[in-house]
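Below is a note for a colleague who is opening this structure for the first time. Please keep the sequence and the 3D view at hand while reading.

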Amino acid sequence: MENEYIGLAYLCAGLLLIAVNIPIGVSLGLVAFAGIVHMLSEQAALSLLVSAPFNLIGNWNFSAVPMFLLMGFVCTDGLLTNGLFRFLRIVLCKLPGNLAISSVGACALFAAASGSSVATSSAMAKIATPEMLKYNYNKGLATGVIAASGTLGSLIPPSILMILLGVTANVPIGALFIAGIIPGILSALIYTAMIVIRTIINPKLAPRSEDRFNWENFTQSFKEIWPLPTLILIVIGGIFFGFFSPTAAGSVGAFFSIVIAFLKGNYSLSLLKTSSIKALEGTATIFVIMIGTDLLTRMLAISGLPDLLTEAIISNNLSAIEFIIAVGLVYVILGMFIDSIGILLLTLPLIIPIMESMHINMIWAGILLIKMLEIGMVTPPVGLNVYVIKGAVGDTVKLHTIFKGVSWFILMDVLTLAILIAFPIITLYLPNLAK
Amino acid sequence: MPAKPVTEKLITLISRTSTFLAVFSLFSMMLLITLDVILNKLAGRPIQGTIEVTSYYFMVFVVFLTLPYLEKQHSHISADFIVARFSPKVQNIFNIIGKLLTTLFYSFLTYAAVNQAIKSTKSLETAMSNFTFYIWPARWGVVLGLACAIAVIMLYLAQNIRNNPKK
């Protein structure tokens, strides 16, 4: 059997193991090891096992993962994210559907701090959805807006997915972070425009709340929330102006988030322990998958399968955009079964060589991949974020109502994606400026 | 209240001790990098070896010493969409297979790591740096974390089999 087919056979075996609930990293690592033994030798496979973990850990950029995870967990456990929704509903009180729009903004800020779509959706569904339901908002809108806006977490920096993409595809993480800012804001603005237009056409969707702007409320809630946006600005601004590397930014962000959380009085040593253990758990989980992916990448490279795929795609005259859309469709399907970190790391070994051979700008493509991964998080029948919302709201709202509500946001995501594909400058403007 | 079985006590002991060291490394890493940034930007005097200590020591402990806790909590990323449809008994069989395969994977990694650690210790391995920076002790951190993770899985399997005897 030719090596390409051996590579393909082991890749399929890995997918089969994943399908029967074997940890993703373990599945990929084992089949990659077996594949290398099959094609080369036991000695070659063992020597790769020696180098893979240390190469990954020795990568300075990977150290950003525990730091940003720690910052995210401290921000959420220390309740630094509290008050965002309340503040925005005061500021945006004049807009139709202001509670839903405030949810989009609060999710975007919450996500920027926590870096996790699932954590954002889960927390915001408990804060914002009950308020919207209290004012008789359409149930689909009240839940769909949170499920969709939670996905902004991966696009708005700092983002764990971007760090992993940067480490795996050898793309500057700082540039990816900065590239995500405008697409993230664009996504939030398009969601907002859709909510406003739908509410103007059908006011019953989002009846007016009793929120009224007054300076006393404004200053009071601003006092509560200002540390979080400031922290995010310092972290992202520091990277943008070249003041520090993403890893340093993560450390500084984590350190100051701890200081702020204690100063605000909502935090304790026991909560700090909880936040740090969650950060460690997240790092180790990602690490095991990355080891598996690293070995799989090497096994596939030995087999020549990526070259064969690249040749097939080029000989079929598939354009870069067609290829990206095809990847997007695969992501939507995989998003029904596996979480976004798993999908990204699972598919990158095959995607990167093809993108490189097509000379696709990896920063632009990376942002598109992340946007598509996040769409996969809300697509039926098994959009992970939708289930998170369902878990948070309980029997109040039916699952199909959430999916129906989120479908409007998926349409808007497709529109955003089309804009980002048609105008790469939207993504690349800020990274070019930062250079 | 019945006393906790010895296996459970051992699992807790191993994972708690290694997690404590991992938490310590996490905070040391955060403080060192933050201090390095502050000193570098304000006084133009970065702390020499920050990248080396972080990459070769703190990160090794952060990642590998968390593996036992990861096994205790069963918190690997996996896809349970098919297995979740089966009965609890079948699910447990897949769970045991998963644990055995994880042990196999960790064993390969441990075997490679032990060989590397011995070689590294004999040669007093240093990092590529503009000063002498020994990295051989860190190689043993990898071995320690993996060995503890395997021990936790073994104890869990022993407990699992004892609690679900074949009838």
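1. Basis of the model. This is a predicted model, in which local features need pLDDT of at least 70 and side-chain atom pairs count only at pLDDT 80 or more, while totals for chains, interfaces and linings use all residues. Residues are numbered from 1 along each chain as its sequence is written, chains are lettered from A and ligands numbered from 1 in the order in which they are written, and side-chain values use heavy atoms, with hydrogens and water left out.

2. Extent of the interface. Contact (heavy atoms within 4.5 Å) between the two chains involves 53 residues from chain A and 51 residues from chain B. Chain A and chain B bury about 4,700 Å² between them, 85% of it on carbon and sulfur atoms; buried area here is the accessible area (1.4 Å probe) that two parts lose on being put together, summed over both. Of the area that chain A buries against chain B, 15% is supplied by A:Phe54, A:Trp60 and A:Leu280, more than any other three residues.

3. Polar and charged pairs across the interface. The rule finds zero salt bridges between chain A and chain B, a salt bridge being a side-chain nitrogen of Lys or Arg within 4 Å of a carboxyl oxygen of Asp or Glu. Two residue pairs across this interface are in polar contact, both at pLDDT 80 or more; the term stands for a pair of N or O atoms within 3.5 Å, where within protein one must be able to donate a hydrogen and the other to accept it, and residues adjacent in sequence count only if both atoms are side-chain atoms.

4. Composition of the chain A side. Helices H1 (3-19), H2 (24-39), H3 (42-57), H4 (64-77), H14 (246-264) and H15 (269-303) of chain A each supply at least two residues of the side that touches chain B, with helices (H or I, at least four residues) and strands (E, at least two) taken as DSSP runs numbered from the N terminus. H15(A) gives the most to this side, with 14 residues. By class, the side of chain A that touches chain B has 41 nonpolar, 10 polar and two charged residues, where Ala, Val, Leu, Ile, Met, Phe, Trp, Tyr, Cys and Pro count as nonpolar, Asp, Glu, Lys and Arg as charged, and the others, Gly among them, as polar.

5. Cavities. On a 1 Å grid over the protein atoms alone, a cavity is a set of points where a 1.4 Å probe fits but cannot get out, and a pocket is an open set with protein on both sides within 12 Å along at least five of seven lines; lining residues have an atom within 4 Å of a point. Grid points are joined across faces, edges and corners, and a volume is the space filled by probe spheres set on the points. The residues lining the largest cavity include A:Phe54 and B:Arg139, and its lining has nine nonpolar, one polar and one charged residues.

6. Largest pocket. About 930 Å³ of space lies in the largest pocket. Its lining comprises 39 residues, and those closest to its centre are A:Ser116, A:Val118, A:Asp339, A:Leu384 and B:Ile77. H15(A) provides the largest share of this lining, five residues, and by class the lining has 19 nonpolar, 15 polar and five charged residues.

7. Second largest pocket. The second largest pocket holds about 490 Å³ of space and is lined by 21 residues, of which A:Gly105, A:Ala108, A:Leu109, A:Ile156 and A:Ile185 lie nearest its centre. The largest share of its lining, six residues, comes from H6(A), and the lining divides into 18 nonpolar, three polar and no charged residues.

8. Local features. Over all chains, the count comes to eight salt bridges. A:Glu131 forms a salt bridge with A:Arg89, the closest N and O atoms being 2.6 Å apart; A:Glu131 lies in helix H7 and A:Arg89 in helix H5 (residues 84-91) of chain A, so the pair ties together parts that are 42 residues apart in sequence. The peptide bond from A:Pro157 to A:Pro158 is cis, with omega near -10°, and A:Asn21 has a positive phi of about 75° although it is not a glycine.
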